[in-house]
Amino acid sequence: MANISQNIKFLRKKKGLTQQQFADQVGIKRSLVGAYEEERAEPKYELLKQLAIFFDISIDDFINETIDEKWAPKPKGNPANLRILSISVDKEDNENIEMVPLKASAGYLNGYADPEYVSQLPKLYLPMFKQGTYRGFEIKGDSMLPLQSGTIIIGEYQENWADVKVGETYVIISKNDGVVYKRAGNKYKEGRNLKLISDNPVYDPYEISAEDVLEVWKAKAYISTHMPMPTPEPTMESLTSMMAQMQRSIANLNNKDVN
């Protein structure tokens, strides 16, 4: 809160604007400018985005940095830059695990960074996840079989997208595709497409633009009403194949000992 108030005041004066002039250019009341600068009110997320564009700085810097004469912006395009993430906490100030059900997936694209929206999402309590920031996402479709449609993926927030590992599964939030659960087909790199792979071979891999990515959550667990099927009884064919493989392995070991 203090950062935002100070930053608005500093950047407004740096542009040589009075509160009234600034209010006119941004399209808000002058009284609101005074309230923001004196920490009597806090701008909503949509206005924060508008102000960041007006001052030509990233919204992350606008919210998290103390901007003064000594401040210098981080290089643009650095994937290690902080990204804004709205969370909610319980009565003991512990982070909640918010749940994004299917019916809320579309709204999540607009409200993912809005603290008020996030605070209204359903909450999960999972005692095994105490360190880190987690969120649950309900998935749909059969592209990630054997995980069924309706499964809830528990994802850990990835602040640095350069940490994305090839072959591991993630919930990817993007502007065009919304909420999807896929395997990463390549490392994240600014300006490069991100390849996403389904576990179901019926679905072809596809790529999304790195600029479209909004959030990345590494899959840590899942909740499903579909219980795993029992291991099938071995057939004569499978037993024969296993014996043949064992014989080949023993023969290879014997040959190595002779040599």
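This report describes the confidence, helix packing, sheet and backbone features of a predicted model.

Residues are numbered from 1 along each chain as its sequence is written, and side-chain values use heavy atoms, with hydrogens and water left out. Because the model is predicted, local features need pLDDT of at least 70 and side-chain atom pairs count only at pLDDT 80 or more, whereas totals for chains, interfaces and linings use all residues.

The protein chain has a mean pLDDT (the predictor's confidence in each residue, from 0 to 100) of 86, with 93% of its residues at 70 or more. Over residues 76–82 the pLDDT falls below 50, and this stretch has 14 contacts in the model beyond near neighbours in sequence; contact means heavy atoms within 4.5 Å. Where pLDDT is low, the predicted coordinates should not be read in detail.

UniProt, in an unreviewed entry, places the feature "domain: HTH cro/C1-type" at residues 8–62; such annotations may be inferred rather than shown by experiment. Over residues 8–62 the chain is 69% helix and 0% strand, and the end C-alpha atoms are 9 Å apart. Helices (H or I, at least four residues) and strands (E, at least two) are DSSP runs, numbered from the N terminus.

Helix H2 (residues 19–26) packs against helix H4 (residues 45–55) at about 110 degrees, the axes being 11 Å apart. Axes are lines fitted to C-alpha atoms, for helices over the stretch in contact, and angles run from 0 to 180 degrees between N-to-C directions. H2 and H4 are therefore roughly perpendicular (65 to 115 degrees). From H2, Phe-22, Gln-25 and Val-26 meet Leu-47, Gln-50, Leu-51, Phe-54 and Phe-55 of H4. These residues comprise 6 nonpolar, 2 polar and no charged; Val, Leu and Phe are among those counted as nonpolar.

An open sheet of mixed pairing contains 9 strands in the order S2-S1-S3-S4-S9-S5-S6-S7-S8; two strands pair if DSSP finds at least two bridges between them. S2 (123–124) and S8 (206–208) are at the edges with a single partner strand each, so one side of each has no neighbour in the sheet. Strands S5 (residues 169–174) and S9 (residues 213–223) run antiparallel and are joined by 5 bridges, with Ile-172 opposite Val-216 in S9.

| Feature | Value | Location |
|---|---|---|
| Cis peptide bond, Leu-145 to Pro-146 | omega about 15 degrees | Pro-146: loop between S3 (134–138) and S4 (152–157) |
| Positive phi, Glu-39 (not a glycine) | phi about 65 degrees | Glu-39: loop between H3 (30–37) and H4 |

Note on methods. Angles under 35 degrees count as roughly parallel, over 145 as roughly antiparallel, 65 to 115 as roughly perpendicular and the rest as oblique.
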